[in-house]
Amino acid sequence: MLYLQTFLGFCITIIASIIAAWLFRVLLVRLVGHSTAKFIRTAPLTASFGMLVICMYILCAIFAPLIAPYGEAEILGGGFEPWSSTHLLGTDNLGRDVFTRLIYGARNTVGIAFLITALAFFVGTLLGLYAALKGGIIDQITSRLVDVLMAIPSLIFSLLMLTIFGTSVLSLVIVIAAIDSTRVFRIARAVALTIVHLDYIEAAKLRGERTRYLITREILPNALAPLAAEFGLRFCFVFLMISALSFLGLGLQPPTADWGSMVRDNADLISFGDITPLIPAGAIALLTIAVNFVVDWFLHKASGLKD
């Protein structure tokens with residue numbers, strides 16, 4: 001009987017997700033302009049579902065103080081209180097409302113992950129395009145340095161750097177962005193190497209255009225599609241990295257709400273059959289899947305392949 005109920009619940013969730021994705025796509029088509037609406041109509045239901053989930057996470061992050069019923073670090077009662085009308089998802093080990101911290105976790109985890117990804121992409125893309133354009137000794141030095149850094153497992157490297165420089169938010173942003181920028185550098189350089197030898201780049205060089213013009217006006221616009229797709233994938237990796245570090249105690253520090261640390265704080269409940277620790281883990285997995293749905297659609301459109 002339990003398995004049948006689980007199966008029925010899973011089927012209802014899938015059907016509800018499909019209906020919500022379709023309604024969200026219809027709403028987007030009505031809200032945006034004609035040219036954008038034509039593009040959105042081509043989105044499969046998986047991409048529509050991904051965009052819906054991403055928008056929900058963004059709204060939770062922006063309006064967290066209005067949605068959450070309590071303060072982020074407010075202690076309201078005893079530890080590990082069960083689900084109730086007062087505490088929708090119960091309380092954690094210190095008596096803080098789990099639902100409130102789940103909402104604030106969207107702001108902290110997702111917001112910092114986006115900041116790190118943007119910083120890593122700015123540095124990695126700039127260096128990758130510059131190295132591909134200049135070539136020679138500059139390309140060799142930067143590429144070999146990146147090879148050395150990429151040879152070290154990113155999680156171990158992050159743990160080492162955060163142990164040395166501390167676990168503040170600033171250290172977390174700089175360390176992970178520096179490590180992740182090496183991956184972005186390789187992608188940006190590989191894409192740029194297929195562009196820098198084309199005729200219009202040679203023509204721009206003969207006109208005497210500066211390096212900044214070549215990168216921003218000639219190379220970057222033509223490398224934007226694969227880089228934009230890589231941005232989504234990198235965001236997922238950074239997002240998971242922050243959650244893993246927080247679970248290990250070297251990510252976002254208390255009392256800041258973070259989904260990785262929420263799993264660690266409530267892990268003891270698993271022994272009693274309570275699924276509360278799985279909820280922040282599910283939030284992490286859901287956003288990762290949603291971003292990948294949108295990235296897959298974007299890559300398919302950028303490739304020019306027909307359905």
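Tryptophan 22 is found in helix α1 of what is a predicted model, and this residue counts as partly exposed because its relative accessibility is 47%. Together with Phe10, Ile14, Ile15, Ile18, Ile19, Leu23 and Leu45, Trp22 makes a nonpolar surface patch of about 770 Å². The element that gives the most to this patch is helix α1, spanning residues 2-31, with 7 residues.

From this surface one can turn to serine 48, which is found in helix α3. Is serine 48 buried or exposed? Serine 48 counts as buried, because its relative accessibility is 0%. When residues up to four places away in sequence are not counted, serine 48 touches Ala21, Phe24, Arg25 and Ala43.

The largest nonpolar core has 39 residues, and the members that touch the most others are Ile116, Ile176 and Trp259. At least two residues of this core come from each of the helices α3 (45-62), α5 (98-134), α7 (154-165), α8 (169-193), α10 (211-247), α11 (259-265) and α12 (278-303). Tryptophan 259 itself, leaving aside residues up to four places away in sequence, touches Tyr57, Arg101, Leu102, Gly105, Ala106, Thr109, Val110, Phe239, Pro280, Ala283 and Ile284. There is also a second, separate core of 17 residues, which includes Leu133, Ala204, Ile215 and Ala223.

Side chains of opposite charge can pair when their charged atoms come close. In this model the count comes to 11 salt bridges, and three of these pairs can be followed in turn. Arginine 96 forms a salt bridge with aspartate 265, with 3.8 Å between the closest N and O atoms. This pair links distant parts of the chain, since arginine 96 sits in the loop between α4 (64-67) and α5 while aspartate 265 belongs to helix α11, 169 residues apart. Both arginine 96 and aspartate 265 are buried.

In a further pair, the closest N and O atoms of aspartate 139 and arginine 189 are 2.6 Å apart, forming a salt bridge. Aspartate 139 counts as buried, because its relative accessibility is 7%.

Helix α8 also contains aspartate 180, which is linked to arginine 234 in helix α10, 54 residues apart; the side chains of arginine 234 and aspartate 180 meet in a salt bridge with an N to O distance of 2.7 Å. Arginine 234 is buried, with a relative accessible area of 11%, and aspartate 180 likewise counts as buried, at 8% relative accessibility. Salt bridges that share partners also join Asp92, Arg96, Arg101, Arg264 and Asp265 into one network.

Finally, the cysteines deserve a look. A disulfide is a covalent bond between the sulfur atoms of two cysteines. How many disulfides does the structure hold? The structure holds 0 disulfides.

How values were computed: Residues are numbered from 1 along each chain as its sequence is written. This is a predicted model: local features need pLDDT of at least 70, side-chain atom pairs count only at pLDDT 80 or more; totals for chains, interfaces and linings use all residues. Side-chain values use heavy atoms; hydrogens and water are left out. A disulfide is a pair of cysteine sulfur atoms within 2.5 Å. A nonpolar core is a set of buried Ala, Val, Leu, Ile, Met, Phe, Trp, Tyr and Cys residues joined through side-chain atoms within 4.5 Å. Buried means under 20% relative accessible area, exposed over 50%, partly exposed in between (1.4 Å probe, protein chains only). Helices (H or I, at least four residues) and strands (E, at least two) are DSSP runs, numbered from the N terminus. Contact means heavy atoms within 4.5 Å. Patches are made of residues with over 30% relative accessible area and no salt bridge: like charges are joined within 9 Å, nonpolar side chains (Val, Leu, Ile, Met, Phe, Trp, Tyr) within 5 Å. Accessible areas come from the Shrake-Rupley method with a 1.4 Å probe; for residues, only the protein chains shown count as cover. A salt bridge is a side-chain nitrogen of Lys or Arg within 4 Å of a carboxyl oxygen of Asp or Glu.
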